[in-house]
Amino acid sequence: MSTDNGTKKGDILVEMKDIRINGFSDERWHEIIKGVDLTLRRGEVMGLIGESGAGKSTLGKAAMGYTQPGCKLVGGTILFDGIDLAHASDGQKRELWGSRIAYVAQSAAASFNPAHRLIDQTVEATVSHHVRPAREARADAVELFRSLQLPMPDTIGSRYPHQVSGGQLQRIMTAMAMSPRPDLIIFDEPTTALDVTTQVEVLAAMRSIVEEFNTAAIYITHDLAVVAQMADFIKVLRYGEEVEEAETRKMLSKPEQAYTRSLWAVRSIEKPEQPSDDIALEIADVDAAYGGRVKVLHDVSIRLPRGRTVAVVGESGSGKSTTARVITGLLPPIKGEVRFNGQPLPRALKDRNRDQLRRIQMIYQMADTAMNPRQTVGDIIGRPVQFYLGKRGREVEKRVIELLQLIELDESFIDRLPGELSGGQKQRICIARALAAEPEIIICDEVTSALDQIVQEGILKLLLRLQKELGLTYLFITHDIATVRAISDEIVVMFQGKVVEQGPKSEILAPPHPDYTELLLSSVPEMDPDWLTQLLKSRRAEQAAG
Amino acid sequence: MSSDKTQAAQSAGAAAEETYSAAAEVGAVRKRRTRLERIWIGLKKAPLSAWFGMTVILIYCLVALFAPLLAPYGEAQVFPVPYGPWDAEHIFGTDQIGRDVLSRLIYGARNTMGIALVTTFLSFLIGGGLGLVAAINRSWIDQILSRFIDILMAIPSLIFALMLLSIFGSTVSSLIIIIAILDSTRVFRLTRAVAVSVAVMDYVEAARLRGEGLGWVMRREILPNIMPPLVAEFGLRFCFVFLTIAALSFLGVGIQPPTADWGSMVRDNASLIQFAQYDLKAGITPLLPAAAIALLTVAVNFVVDWFLHKTSGLRDEH
C-alpha cells in the first residue's frame, strides 16, 4: 500500500535507463528496443503509444522486469522503487509481481480461468502473496467491484467468467490488478477489444480507481484519443525508439514530430457525400436466425446505391456481420429477400450460380485468417481469375501482376506466403483477391479495425480510389465512427438485430439523433483530454434529470 | 533482392508489422527460402535422438530395398541342419526347418515393412478422407461417420482382426485391408479433430463463397494446413501397424510361410529360448527379430517426437 509506506506522490517509482531488448526471429537476434529511457513517478499515468511492432508492449513489460520468451534484455537498468529488476532473481521478481506490480492484459476473456469463480481469481494473487488474508481480500474485492460500478457487486464475484460480458470482465480484471494495492499497474491495450460504448465505461472505471488509490500506471495503446483520457504523460514509440515524450495536453495541441501527427491520420480523410437513387442491392424485410432458433435479425431492410459506400455501424452483437452473411448466402434468411439489380438472389449459397457469386465479394476483418497460410500470393489472387474468368497459365500471372499494381504492390510479392507480409500488405492482398473476381459489390467486414492508424489510412484511401476508378459499391461494416465519417455516403445504424436508422451521412451524423445513435456517437473518444470528464458529467446530469 | 522488397514494403505505405508479435516486429522483410533450404535448416537443428532415428530408418530402408543383394542365401532356401548353431556359414544359425536366420531377417525387413507401409497409407487414405469430409460437412454425414467409427473402436481391435482374418483368410491383401480399416478409425478421429479447427477459418469460408467444390476445399485449403499432425501420426500409426502385423504373425494368422516375417520368426524359434542355459547364442536367436522390431519402433518414435515438437509451435527459451 503505497501511501502507507511513508512514500508520497511525486517520488520516482520506476526508472529505466537505456533499455535494450533483443528478439529472436528468422534465425538471428534483432534489436526490438533500442535504448529507451522511462521515468515514472508515484501517482502518475504514463501513456505508451505507437503502432504494433513499435515495442510498446515489450517496453511496458520490461518495466516489471519481464521479457517474454524469445526476447532478452541486453542492456540498460530497470529500477523499481530502488530494486534492480534487470538483475533480480526470478524469485525476487515473483515476490513483486501480483503484490506490488500488476498487469492488465488486452484480452480479459483469455486471461481468466474458465473453471474458477471470479472472486477467487480476483483475490488469488493477494492471498498467495500474504498481502492480506482471504476473508479481508474478498470483502475488499467486493468494494472494488462496487467502485468499478459493476452490477450486483456483492454477488457478481460468485459467477464464472463466461457469465459476464466482455466489458465487465475487463473491469473485474482491473479489480484483480488493484486487489493487492500495487504501486504500479501495467495496462496493455485493455480496451482495444471492446465496443466504443463499453470502452467508455471501462475507461471511466479504470481512471477513477487509479486516481482513488494514487497508483502509478503505464497505459499501452495505439489509440491516441483513448490515451488522452488516461495519461498524464505520453511517450510515442516507433521501431523501438522514442519519438517524443510530453505532457498529454502539450502533445495533443503541439506535437513536435511529423510522425506523431500522422497517428491521427484517418481523421483527416474526407469524402464528399454523393447521393444516388440507382440501387444495386437491396435487402428487404429480412429475418435471420442461427440454428433455426435464436433470431438475430428482425425486419432488416438496407439499400445499397450503385457506386456508393454504405456504412453499417453498431456494437458487437448488433447483427452487422449477420447481415453480411445473409447477403452472401452463407446464412439463408427465414423471411424476406435479397434483390440484386432488381432480381431476387437465391437465398442459399449453393443455389447461386458462379456469375452471381462473382459479383458480390467479401473482405474480412482478419487478413491473417482470411488467407490460406500455405498458398502464395500468386495462388491466392490467381484462383478467382482462373475460377471465374477461366484464364489459364501466363494470362493468370499477367492479371495477378496487374492486380498487384492496382493495390500499390509489385510483382516481387507473387511468390511470397502470407506469413511474410505485414498486416497492411495482407489486407491489400485480400482486396486484390476480391478485385480479381471483377465484382460489383464488395462487402468489407471491419477491414481496417485490426490495423494501425497509418496503415488504416492507406487502405481507406486505396478503397476510395478503387471505387472511383472501377465504380464499386461498398457495404462497409465497422464500429469505428472516424472511419465512417471518412468514407461513407450513407449510414445504417443497427442495434440488437434491428435497423435504427438509414440515411445520408450528413443527416445521420447531425443531431437530433435517436437515443441509440446518440449513445454510439458520443462514446467515440475525441482528441481532447477533457472529453471523458465532460461526457461523464453530461451523462450524469441527464440521468439526474431523467 | 531484400533491399528491393524493403523498398516495396515502404512504398506500399505498410510500415507496420502484423498484429503484435515480438519476434516479427523488426521491420526487416523475411528472406524467402526454397523448400530444400528450409528442410536443411530444420535438419541441422535436429537433436541427436532424431538423427539416430533417421539413420536407423535409412539403414532399414536400404536393407529392405537391397535384400536380394545383401542376403547370403534365399528367403526360403532350406539347409540340412535345423536349429543350426552360429558359425561362419550361417552367421545367426538356421531355424526350425534349416533356413538361414540372417537371410530371413533381411528379407523380413522387406516384407514386414512393405506391408506395414502399404497398410498405413491405405488407412490414412480412408481415415483422412472421411475425416475431412466429416469436418467440412459437420451435419448428418459427420454424425453417421463418427458414430460408426465409435462402434468400430468399441471392439478390441486385435480380437476383431483375428476374427476377420479367420473369416476372410490370411492372405496378404486381406491382412492389409483389414488392418487398414481398423486403423483408419484413429486416423479419422485425428483428422476430423484438427480439420474442424481449420474448417472454420475465414479462408475456407472465402473458398466456399467463391463457389469452390468439396474436393478443392479438402485438398487445397484444409489438407496443407493439417499436414504436420498427420505426418507425425503417420509415423506412430506405422509403428502400431507394424506391431499389429508382428503380433498377428506371432499368433499364426499374419504373414504366412514361407514369406519371411519378423513376427512369425519370433514364434517359430521361440522354443530356442529355453536352450539359453546351454548355448547363449541359441537363446538369443529368437530375440533377434524381436530386437529388429523394437529398434525400428524406437527409431520412428524418436523422429516423430522431434517432428511433433518442431511443429507444435513450442518455442525453446533462448
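Helices (H or I, at least four residues) and strands (E, at least two) are DSSP runs, numbered from the N terminus. This is a predicted model, where local features need pLDDT of at least 70, side-chain atom pairs count only at pLDDT 80 or more, and totals for chains, interfaces and linings use all residues. Residues are numbered from 1 along each chain as its sequence is written, while chains are lettered from A and ligands numbered from 1 in the order in which they are written.

**Exercise 1.** Let's explore helix H4 of chain A: find its buried residues, what covers them, and what follows the helix.

*Solution.* 
- Step 1: H4 spans residues 118-128.
- Step 2: Contact requires C-beta atoms, placed from the backbone, within 7 Å.
- Step 3: After H4(A) comes A:His130, with a positive phi near 55°.

**Exercise 2.** Now trace the open sheet of chain A and identify its edges.

*Solution.* 
- Step 1: Strands pair if DSSP finds at least two bridges between them.
- Step 2: The 6 strands run in the order S6-S7-S8-S3-S9-S10, with mixed pairing.
- Step 3: Strand S6 (101-104) and strand S10 (241-247) of chain A are the edges, as each pairs on one side only.
- Step 4: Strand S9 (233-238) of chain A pairs with S10(A) in the antiparallel sense over 6 bridges; A:Ile234 has A:Ala246 in S10(A) as its bridge partner.

How values were computed
A residue is buried if 20 or more other C-beta atoms lie within 10 Å of its own, exposed if 12 or fewer, and partly exposed in between; C-beta atoms are placed from the backbone. Two residues are in contact if their C-beta atoms, placed from the backbone, lie within 7 Å.
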